[in-house]
Amino acid sequence: MSALQVSHVSKAFPGVKALDDVSMTLRGGSVHALLGENGAGKSTLIKIMTGIHKADSGSITMEGKPVRFGNPRQAAAGGLGVVHQERNLVTRFSVSENIMLDRLGKHSLSSVDYPAIAAEAARWLKLLDLDVDPSTPVSRLSVAQMQLVEIGKALSLQSRVLLLDEPTASLTPSEAQVLFRILRRLRDDGVAIGFVSHKLEEVFDICDTVTVLRDGRNACDSAGLKSLNRDDVVQMMIGRAERISKRAARSKPATAPYLELQDYSSTAGHKDISLAVRPGEILGLYGLVGAGRSELAKAVLGLSGQTGGEIRVAGRHVKINSVAEALALGIGYVSEDRKAEGLILLHSVLANAGITVWKRLANALGFLRDATIASHVGPVLKKLEVKTPSLDQTIGNLSGGNQQKVSVAKWIAAGVKLLIIDEPSVGIDIKTKAYLHDLIHELAESGTAVLLITSDLTEMVDVADRVAVMDGYRIQGLVENDRNYERVSTAIMGLIHGRKAA
Amino acid sequence: MALSFTRIFDNDWVGPGLVSLAAIIGISIFQPSFLSPFNIFVLLSAIAVNMVIALGQLVIIGIGQMNLALGAFGGLVAISFVAVMELYGVPPFVAVIIGFAIGTLAGGASGFVIARTGISAFIITLAGLQIFKGINLGITEAQPFYGVPQSVKDFGNLSMLGPIPWLVLPMLIASIGMWYLFTRLRIGRYILAIGGNRTAAELSGINVTATVIWAHAISGLLAATAGMMLVARLQIGQPTIGDDWLISSFAAPVIGGAVLAGGHVSVAGTFFGVVIIAIITQALVLFAIDPFVVQIVLGGLILWAVGINRLRELRVAKLNERA
Amino acid sequence: MKSVAKITAALLLGAVACSPALADPGTKVALVPGGPHPYFAAWEQAGKDAMKDFNLGAGDYRVPQKWELAQQSTLLESLLTQGYNSFLIFPGDAVGTNATVSEIVDNGGQAIATAGCLKDPTPALFCLGTDTGNSAYLGTKELIKAMGGKGRIAHFTGFLVDPNTQLRIDAVQKAADETNGDVTVVQVIADIDAPQPAEEKINAYLAAHAADVDGIVTTAWVPAVTAANSLRKIGDKRIKMVGIDHDEVVLQAIKDGFVNGTMLQNPYGQGYLGSYVLDKLRTGCTLKADAPWKSNALTAKFVDSGTVFVDAATADTYVDAMRGITKTLLANFEKDFMACK
Amino acid sequence: MTDATSNILDEATPEHRRGSGLMRLALSNEFGLALLIALAFGIFAMTLPGFTSPFSLFTIGRQIGIDTMIGLAMMAVIVTGGLDLSVGAIGVCAAMVFGYLAQIAGVPLPLAIPLAIAFGSVLGFINGYVVVRSGVHSFIITLASMSIFFGIMIFLTQAQSFNALPLAVPAMGKLRVGGPISILLIITLVVCAALSIFYRYTTLGRQMLAAGANARAAELSGIRTGRIIIACHMLTGGLAALAGLMLTARTGAAVPSMAGHLGQDWLLPAFLAPVLGGTLLSGGRVSVIGTLLGAAFVTIMTSGLLLMRVGEFWILACLGLMLLLAVLADRLRHQVLRARGMI
């Protein structure tokens with residue numbers, strides 16, 4: 001009997017059909033991969049399973065019995081444990097308290113029996129091979145340890161089904177291996193494990209069956225992974241075979257670098273960073289989560305202090321103390337976190353797209369009219385094919401892809417000479433993603449220097465000209481991109497792991 | 001050794017505690033009468049009431065909100081407490097229970113509205129402040145009730161043991177109770193968990209609605225306690241009781257190291273925060289400092305405490321980063 | 001959503017419960033204090049009695065909900081709109097209230113500054129009340145007498161934003177200065193009109209300095225009550241004290257010997273006499289310019305409503321004493337101050 | 001696959017939204033308030049004799065003028081998601097500076113007024129600077145500065161008023177324009193119009209809204225958020241000073257107690273008007289008109305309740321109930337809009 005079965009679930013949000021007739025079956029004693037591109041509906045499906053969202057139609061059964069959880073609390077009580085992508089720990093509390101957070105006492109006024117909780121937590125820590133004192137505050141743990149604590153927390157609920165949403169995103173490969181060893185043991189104990197990941201290597205490493213979602217529909221429903229190969233899975237995810245990039249390697253422009261870092265060190269922790277981006281060039285910056293890539297971008301923008309080395313823009317030695325100064329130097333930054341850092345969701349499309357040019361468009365008294373801004377950013381938005389009812393539309397109502405287009409558009413409107421693009425394809429559909437890749441190329445062709453940060457190797461190989469590999473807040477090396485996925489990815493991984501081995 | 005030394009200094013109450021100690025020593029050198037039994041008695045009476053008030057705000061700070069209606073709760077309970085005794089001849093013991101009930105209900109009601117509607121606590125308690133203060137004025141027409149029984153008066157003005165007033169007793173119970181609540185009781189841990197990371201608390205299966213209501217009800221209960229303690233101390237049911245609680249109710253917890261965003265509070269730190277404010281209030285009187293300057297000093301004190309806390313936070317963050 | 005709707009409905013019901021009443025025409029007097037304060041409690045009865053005795057259209061005691069200048073102005077404007085034409089006003093501010101009074105006068109009303117004065121130039125007819133400065137001065141004199149003509153005095157008084165506070169501080173100082181150094185004011189504690197800070201500061205002061213003072217003079221209601229309680233608490237009859245006003249606590253302390261006396265004012269008389277004068281002035285009388293006006297720090301048109309020093313001997317009979325003063329004032333006022341047709 | 005994608009996008013196109021424009025207006029906060037005001041005004045005008053008398057209308061208008069200005073002062077800082085408890089203290093301090101300049105120093109009014117407003121901005125700057133540099137929430141900072149500003153003012157003035165101001169000042173307070181309309185209300189309306197233009201048509205105004213809605217995103221878009229937040233506090237200081245001057249005109253004198261102890265009397269109108277008017281406490285969205293309507297609603301209700309002789313002491317409770325009702329109604333409105341997919 002299946003531990004968890006999702007049957008024909010549909011879910012629509014205003015303007016978007018997020019899930020359409022989706023099914024999935026998880027069995028005890030097996031690890032099940034849930035795959036799909038960003039925006040394919042994975043998170044929505046998890047949220048429906050755990051009761052955060054309500055399905056419009058369809059049903060969910062656990063061990064044959066229909067269940068309908070009203071909230072994560074009920075889901076947990078029903079034996080469905082989830083480890084979410086976001087860190088969901090109370091960092092000031094101890095490890096044991098976090099693991100046992102919902103079982104601190106029978107009722108509100110019960111005393112917390114710390115020794116008992118510590119003992120119980122220690123059991124799970126031991127199971128996870130996590131060698132920390134249960135009374136340690138979570139804030140003192142490493143990211144990987146926190147991840148394990150979250151897993152312990154989900155396990156401690158006697159979960160028969162355990163869903164892990166991108167558990168390895170912030171782990172090093174060796175840490176991931178530890179995690180997999182534990183997952184295998186849990187699997188052997190009969191737990192049904194759902195595993196969401198972008199890293200296909202991991203999926204093939206640990207999973208037995210797979211469900212692939214594409215645009216809110218099943219591209220495959222609980223197929224055995226043994227009979228599939230990597231290309232089959234990729235084809236299901238993106239609807240076509242993974243191509244070796246159709247773009248030819250571009251000729252390197254011989255111009256002088258627009259931005260050049262020389263032995264640059266920052267208060268964020270970067271050490272001796274040297275790299276250069278030329279006009280017309282797309283420089284990729286690759287590294288695992290926590291390697292310091294976004295942090296480097298932000299440091300260059302003036303959000304962290306400079307402690308050594310120098311920054312040259314267009315050959316001139318500069319000090320950048322704020323984003324405003326960076327903008328004046330022609331440097332723009334498309335954030336990976338669109339909602340928190342990229343856009344002002346409360347405001348209109350026009351306000352978001354025009355924010356970088358207000359100063360320039362205003363008259364001597366600082367006045368400016370919507371029409372002025374619209375005439376300036378309108379063509380850019382049009383060129384980027386931003387679909388919006390009107391420029392006055394609140395941007396929070398647009399789809400992820402259109403939002404991303406606006407966050408790029410504002411820098412194009414500002415006419416920046418160097419655009420730093422951080423994870424451009426997070427949470428957007430495939431069509432827009434392809435469009436964005438073309439756009440980045442177009443920008444480069446027209447002479448803009450582009451610094452591309454992405455964790456998606458395929459994207460990197462497809463778009464970048466050269467790839468700087470970063471780890472531990474240092475540049476580990478530079479790989480020329482000849483669009484040969486195998487060669488480039490091996491070279492990049494070699495640079496990252498070479499250091500780890502040493 | 002060095003490590004444990006820094007550990008001690010990381011405790012919230014150590015800083016304010018040392019400042020209190022230094023202030024007490026300093027003042028008593030210049031003013032030996034500062035440590036006279038009667039002055040200790042007076043100081044403790046003031047500290048007792050203000051500590052309970054500060055605890056009432058502390059529990060709301062812990063959950064990451066603020067309660068502007070604290071004083072209005074206290075005032076309403078104070079006059080109701082005296083009114084039932086004066087008008088209906090209710091025995092003090094029963095009147096105290098009625099007072100507790102009113103405070104808890106008022107707090108619970110405002111917690112209910114906050115939790116169920118999701119409107120910010122600032123707005124709801126601002127409305128609550130108007131409503132409860134309005135009811136207070138409507139009932140009393142701003143006239144005090146005088147019918148405070150002798151037993152209640154005695155409680156507010158007699159000493160329990162040497163220079164220790166009876167008023168210290170409810171403060172001790174409340175302080176130890178709140179300390180136990182925050183460190184040992186499920187509800188206290190849930191309050192801090194929600195203040196520390198609301199999403200995590202929610203996803204972990206904590207009933208946020210119920211916890212918010214609990215926190216506000218506890219706040220109301222403490223405000224009620226403080227209101228009735230003040231009746232005992234002032235020997236009169238003044239409608240103006242509670243009007244001036246707001247500033248000190250925030251100042252003491254903040255001096256004591258509470259994080260305004262929620263999730264971290266210190267009962268001991270708050271106690272020393274109250275002590276520092278009480279000592280400074282006294283010192284200004286003792287050294288005959290121009291009454292016009294008093295406000296300036298109080299404002300400066302809050303800024304100073306905020307600055308110290310900020311520095312400490314930064315230092316702790318740095319330590320964590322290194323570790 | 002449902003719960004929001006429910007709460008909304010419940011509150012709507014509550015809001016509807018605030019329901020109206022009506023007024024009737026005539027010579028309508030409104031007695032308006034600066035805010036809620038026990039001192040003015042006697043005004044309510046005074047207004048009612050005056051209404052009955054002088055056949056007024058109204059003699060209503062209306063209190064601003066808070067001791068707030070804007071609240072009082074709003075209330076006065078509303079009362080004017082409601083058809084009141086004669087006002088007894090305790091000025092929320094000696095200067096600030098002038099603007100509202102001038103509005104009343106502009107709209108055909110009349111007003112007497114009562115219990116506290118408005119600063120000249122003022123559109124108010126005159127000021128009927130206790131001379132706050134003089135009362136503080138006399139109180140201090142009584143205290144000095146009780147202290148045997150020498151010693152150290154502490155002075156406890158009210159809000160600093162009240163300009164009367166400065167007058168009181170000056171008056172106490174003046175009385176002390178007149179002793180040529182035999183009596184010194186060693187400390188002024190102000191800003192303690194709220195019970196809690198008053199309690200804390202006065203107790204703190206007495207705790208440390210009880211041995212250093214020989215007398216206490218209080219010139220505001222709350223400090224008087226608090227100081228009386230404190231002296232009772234420490235059981236100290238050596239320290240002499242003169243209070244102000246007629247709070248039960250102070251009167252009891254006088255009877256029990258912890259307080260030497262209190263400076264009584266005459267709130268009932270103010271309300272009763274004031275209503276009478278306003279009615280007269282509306283029905284054909286005018287104020288004489290050459291009347292025996294007194295003057296004080298604020299105004300040159302001051303009528304003393306009487307202030308009495310009450311000690312243990314007179315504590316039980318002060319009401320009669322006050323009635324006597326009121327009667328005298330009432331009997332002589334028309335003759336001395338008004339010209340009637 | 002491409003079909004599915006374009007469907008998703010198409011569903012966000014205007015067709016099913018356009019028809020709801022009128023509905024949106026009808027459900028807007030301002031419209032709801034205006035309706036309530038009209039209703040209350042109508043009922044009071046019919047049932048309460050004297051409510052529509054010129055004097056009554058004059059005083060109501062003047063009160064609306066002053067309360068709106070106080071509300072706008074707070075609104076200007078709520079934009080950033082912060083608040084300023086010291087508005088009252090700043091207002092009184094600026095009024096006292098004005099009193100000193102006009103009465104003692106003999107500075108002519110056309111110079112004294114801008115100087116006083118500038119002084120208010122300086123106090124606002126101090127608040128903003130400390131808030132930005134310390135990173136501590138403005139609640140605590142302004143709680144402290146409220147004490148400090150007011151304490152210094154009381155210390156310097158010894159609580160004495162300036163009551164011999166040039167006659168033009170009290171005259172302003174009584175001046176009526178076009179029948180029963182107070183000049184103070186006109187001033188407020190002019191400021192409202194200016195602020196509306198400011199937030200909509202100037203770089204600085206837009207930057208304030210952007211920094212308030214999402215400081216991080218604004219910073220990363222090249223806006224100097226720190227400076228903008230300081231500018232918001234300065235605007236608050238300036239508007240609070242203007243409110244202080246208007247109160248001075250109404251009172252005819254610069255009085256230290258005109259905003260109560262520590263200036264606390266202003267806090268209620270300061271929060272009531274913007275919150276009723278739909279300004280988001282979390283920042284990033286303002287409604288100047290809403291603030292005006294919010295102040296108008298409170299003033300008309302207070303005036304009506306006083307005339308109804310509800311009993312002065314119950315007015316506070318009624319106002320509190322009204323505030324609660326208003327925010328609950330706003331929440332309901334949001335839920336209706338959301339249920340219809342309109343926001």
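Predicted model: local features only at pLDDT ≥ 70, side-chain atom pairs only at ≥ 80, totals over all residues.

Residues are numbered from 1 along each chain as its sequence is written, while chains are lettered from A and ligands numbered from 1 in the order in which they are written.

Still on chain B, the C-alpha trace spans about 65 × 55 × 35 Å along its principal axes. The radius of gyration is 20 Å, which agrees with a compact globule of 323 residues, since that would come out near 20 Å. (That radius is taken over C-alpha atoms, and the globule rule is 2.2 Å times the number of residues to the power 0.38.) Buried residues make up 60% of the 323 in chain B. Buried means 20 or more other C-beta atoms within 10 Å of a residue's own, exposed means 12 or fewer, and partly exposed is in between, with C-beta atoms placed from the backbone.

Next, select chain A. You'll find 18 helices and 20 strands, and a C-alpha trace of about 65 × 55 × 50 Å along the principal axes. In chain A, 49% of the 502 residues count as buried. Contacts here mean C-beta atoms, placed from the backbone, within 7 Å. Of the chain A contacts between residues at least 6 apart in sequence, 68% join residues at least 24 apart.

Now zoom to Ala409(A). Beyond four places in sequence, Ala409(A) is in contact with Ala353(A), Val377(A), Val380(A), Leu381(A), Leu384(A) and Val386(A). Ala409(A) is also among the residues with the most contacts inside the largest nonpolar core, which has 506 residues. Such a core is a set of buried Ala, Val, Leu, Ile, Met, Phe, Trp, Tyr and Cys residues joined through C-beta atoms within 7 Å.

(Ala, Val, Leu, Ile, Met, Phe, Trp, Tyr, Cys and Pro count as nonpolar, Asp, Glu, Lys and Arg as charged, and the others, Gly among them, as polar.)

Stay on chain D and select helix 7 (residues 109–134) with helix 13: their axes come within 6 Å and cross at roughly 145 degrees. Axes are lines fitted to C-alpha atoms, for helices over the stretch in contact, and angles run from 0 to 180 degrees between N-to-C directions. The residues of this contact divide into 18 nonpolar, 10 polar and no charged.

Last stop: Cys127(C), in strand 5 (residues 127–129) of chain C. Is Cys127(C) buried or exposed? Cys127(C) counts as buried because it has 30 C-beta neighbours inside 10 Å. Beyond four places in sequence, its contacts include Ala113(C), Cys117(C) and Phe302(C).

Notes
Helix = DSSP H or I, 4+ residues; strand = E, 2+ residues; numbered from the N terminus. Contact = placed C-beta atoms within 7 Å.
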